[in-house]
Amino acid sequence: SKSRTKMAAPSTWASVVNQARPGVKEVAHEDLHDMWKANPAMRLVDIREPHEVERMAIPPWLRPIVIPRGILERDVAAQVPDVDTELVVICAGGSRSVKACETLALMGYTRTRSLKEGAIALCAGHPLHRPGVRHGFQEAMGNTPLILLKGVSKETGCTILGKAEYMNPGGSVKDRPALHLILDAERRGLIKPGGTITEATSGNTGIGLAHVCNSRGYKLICCMPSIMALEKQNTLKQLGANLMLTKPMPLKDPVTGKPNMEHYHNLAPLIAKEGKERGENIHCVNQWQNTANRMSHYLSTGPEIMQQTGGKIDCFCAATGTGGTIGGISRYLKDHSPKTKVVLCDCRGSALYDWAATGDEGTERVLAGERWCPKPPMDPGSSPVTEGIGNSVITANMEGLRDYIDDAVQVKDHDAIRMVFRLLHEEGVFVGGSAGLNVCGAVEMARRLGPGHTIVTVLCDSGFRYGTKFFNKEWMVKNKLYEALPPEHRVGIE
């Protein structure tokens with residue numbers, strides 16, 4: 001490391017306070033995420049009294065260096081020997097951190113910044129440190145409960161916990177990425193006030209985006225397959241979105257490999273592209289290829305799970321569509337608890353189970369610039385129980401994911417629908433098909449691991465969004481799901 005220019009006298013806290021020099025750069029707490037993404041080696045220097053640190057703990061993903069008031073030069077030099085390290089200094093208030101930055105500059109640290117408004121702003125802005133009163137949709141998001149699922153826990157001898165993401169204000173796990181996708185577009189200057197957001201959605205991301213767009217003054221165009229639940233379609237319309245329904249079709253032409261531009265996945269970015277060519281203020285947030293999706297879970301859902309379990313988590317199970325949920329949470333858990341197993345749960349008709357289980361790069365192909373896996377053969381009517389999970393595209397959010405996945409579980413439709421109704425009638429927890437599949441995956445992993453383990457999964461959304469399917473006897477019979485339910489769980493299906 002480079003030699004450092006030392007001060008003539010020890011830089012006690014009193015000397016820091018009394019030295020005021022201009023030119024210290026400041027950074028707002030909301031920009032720390034982008035700074036950390038651009039330079040993961042960045043460190044936060046937390047210079048506060050012990051009672052201040054205890055009262056306002058800094059989010060662990062920032063890897064804070066805690067230095068009590070005292071000899072700044074000695075303590076920083078011991079923990080950060082390289083003077084080229086990018087540092088952000090935080091104190092209880094912003095003015096104190098400015099003075100600390102000045103001292104660090106004298107020590108040879110040239111890449112230092114002061115956190116505006118100090119620890120109060122950072123802690124208040126992070127999902128784990130919010131005040132009792134939430135200001136609007138954005139602050140109401142997150143901190144969802146971790147629910148003990150008593151029936152399956154007793155049955156397996158493990159502690160099986162469900163992260164109740166259906167309790168987010170927009171009703172699903174997709175509220176988190178919806179917000180981060182729009183914030184990412186704003187920070188990069190891709191959308192201006194009053195503009196239009198476009199997105200391809202199976203429903204939940206679109207609903208989350210509609211809430212965020214309404215709260216931030218944007219219009220929304222959603223492209224969605226017509227086979228998605230009517231409840232989702234109606235909710236999007238009620239929230240003011242312009243809903244464009246598409247016919248079910250392959251993502252790409254099976255012969256030429258060219259994308260079908262009428263497929264909802266391709267249509268949303270096409271609308272934005274054509275709009276921009278006309279000079280319109282329009283942007284497609286693209287939840288599949290935008291890693292702000294994954295980052296939303298690394299910065300919020302992962303830390304919440306770690307905090308709620310006290311760090312005692314043996315296994316995390318989740319299905320995937322875009323790769324955002326499992327991609328972000330798995331990275332956070334592995335960073336902070338490397339022994340935690342990460343398991344991909346997949347539905348029939350999806351290619352991702354084989355992709356994750358085999359780890360064989362030969363299963364991947366590149367068509368029209370996207371990585372994908374050919375879907376395995378299966379019975380007609382692929383996975384009518386689940387919406388929004390299971391696909392063949394290896395998204396940007398899934399890049400490197402196989403390095404974090406320890407195992408994979410494939411769940412049949414009959415098992416997933418049985419779990420949906422079991423949770424409803426035994427636990428009073430009303431969830432959708434993806435959540436039922438996730439809990440099935442957690443039960444299977446409990447059996448593989450044996451009693452005494454703690455397993456966490458995600459309860460993605462509410463069963464209220466699937467009433468016209470799950471409680472429609474004609475639909476259930478047509479998809480050969482009605483007979484899968486025990487008679488006592490068929491109550492209400494008409």
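I looked up His489 and found it in the segment after helix 19 (473–478). Helices here are DSSP runs of H or I with at least four residues, strands are runs of E with at least two, and both are numbered from the N terminus. The model is predicted, so local features need pLDDT of at least 70 and side-chain atom pairs 80 or more, while totals for chains, interfaces and linings use all residues. Residues are numbered from 1 along each chain as its sequence is written, and side-chain values use heavy atoms, without hydrogens and water.

Is His489 buried or exposed? I noted 10% relative accessibility, so His489 counts as buried (under 20% relative accessible area; exposed is over 50%, partly exposed in between; 1.4 Å probe, protein chains only). Apart from neighbours within four places in sequence, His489 contacts Phe421, Arg422 and His425 (heavy atoms within 4.5 Å).

Next I looked at helix 16 (residues 413–427) and helix 17 (residues 433–449), which pack at about 100° with axes 8 Å apart. The axes are lines fitted to C-alpha atoms over the stretch in contact, and angles run from 0 to 180 degrees between N-to-C directions. Helix 16 and helix 17 are therefore roughly perpendicular (65 to 115 degrees; under 35 is roughly parallel, over 145 roughly antiparallel, the rest oblique). In helix 16, the residues meeting helix 17 include Met419 and Leu423.

Last, I checked strand 9 (residues 219–225) and strand 10 (residues 242–246), which run parallel and are joined by five bridges. DSSP must find at least two bridges for strands to pair. Met224 has Leu245 in strand 10 as its bridge partner.
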